[in-house]
Amino acid sequence: MSQANKKPKILVARAIFPDLLAKLEQVAEVQSNQADAIWSSAEIKAAMMDKDGAIVTGSEKVDADMLDASPNLKIVSNIAVGYNNLDMPAFKARQVMATNTPDVLTETTADFGFTLLMATARRVTESEHWLRAGHWKKFSICDTPLAMDIHHSTLGIMGMGRIGQAIARRALGFGMKVRYYNRSRLSTELEKECGATYVDRETLLKESDHIILVMPYTPENHHLFGEKELAMMKPTATLVNIARGGIVDELALAKALKEKRIFAAGIDVFEGEPAVRPELLELKNIVLAPHIASATEKTRRAMIELAIENCLAGIAGKTPPNLLS
Ligand code: GLV
């Protein structure tokens, strides 16, 4: 804390639910961005420099320069499970704590992963647009948007952390064969519980009917999913990304979808979000969502509450529940 017996100074870099902000204000001197403006790096740096703790979302990049300018800063608490927006080596080097919000969003995010998978394979949004455009003149067996089955198909999950496992459990209910690829293999018990078989990346790409990306975004997996990987997929397969935009080479994806080299894609995260490439926007065989996998009110509230808990613990010199470094 800046001065003994004074309330700690906390930055809340984006809008949060007013009642949660009011609760935080009882114990801290808070500067909050309730206008939800997108701040530049310079603005974040200026707002952070006199703070003891900061609560940010995945949209705010926190780098070494900001940490160097904030001598009292003990902790940056992310309202997200992914933390590729935080320069972790810089945090480690300066002994500033970083935290995220795992667990509270697992089931909600897995629900949405499955929603997007089903909407993509069953051409839900495309069919709705077709209907709204007045193309539905008669019931037709063949002249209708024909889709791909989910049940008893093969699902390939890339990234088998908590969310990947929760998706696998859902897939079991649809009689799907679940294959996964991960940096490390699950225990035999967990594999059994998820009904999931470990395969190498190539097998997953070649044999899956549906692929879902749920791994963390690191410099190593930037554009991991590009032209080569897309070419290995079945032409009838779908690709769903609820991880991070930078994992997929979006231009290669747009080309593969345009040339019908894969059946369809469902994308919740974009490399330059909130900007979406026109090459993706002009396609029919893609379902686009504005980064909403964890977006239920209950879960977003739980994420904020956990981020506040992490931040206050770090400032108080305790180990935050979700300490990353
Ligand atoms: C959302 O993308 C998150 O990382 O929580």
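## Ligand shell

The ligand is surrounded by Ala80, Val81, Gly82, Leu105, Arg244 and His291, each with a heavy atom within 4 Å of it. By class, this shell comprises three nonpolar residues, two polar and one charged; Ala, Val, Leu, Ile, Met, Phe, Trp, Tyr, Cys and Pro count as nonpolar, Asp, Glu, Lys and Arg as charged, and the others, Gly among them, as polar.

The model is predicted: local features need pLDDT of at least 70, side-chain atom pairs count only at pLDDT 80 or more, and totals for chains, interfaces and linings use all residues. Residues are numbered from 1 along each chain as its sequence is written, and side-chain values use heavy atoms, with hydrogens and water left out.

## Polar contacts and burial

A polar side-chain atom of His291 is 2.6 Å from a ligand oxygen, and one of Arg244 is 2.7 Å from a ligand oxygen. At Gly82 a polar backbone atom lies 2.8 Å from an oxygen of the ligand. The ligand taken alone exposes 190 Å², of which the protein buries 86% (Shrake-Rupley method, 1.4 Å probe).

## Second largest pocket

The second largest pocket has a volume of about 320 Å³, the space filled by probe spheres set on its grid points. Its lining has 14 residues, and the closest to the centre are Thr125, Glu126, His129, Trp130 and Lys284. Lining residues have an atom within 4 Å of a point of the 1 Å grid; a pocket is an open set of points where a 1.4 Å probe fits, with protein on both sides within 12 Å along at least five of seven lines.

Helix α6 (124–132) and strand β12 (286–288) each give two or more residues to this lining, and α6 gives the most, with four. Helices (H or I, at least four residues) and strands (E, at least two) are DSSP runs. The lining divides into eight nonpolar, three polar and three charged residues.

Definitions and conventions:
Polar contact = N/O pair within 3.5 Å; in protein donor to acceptor, adjacent residues only side chain to side chain.
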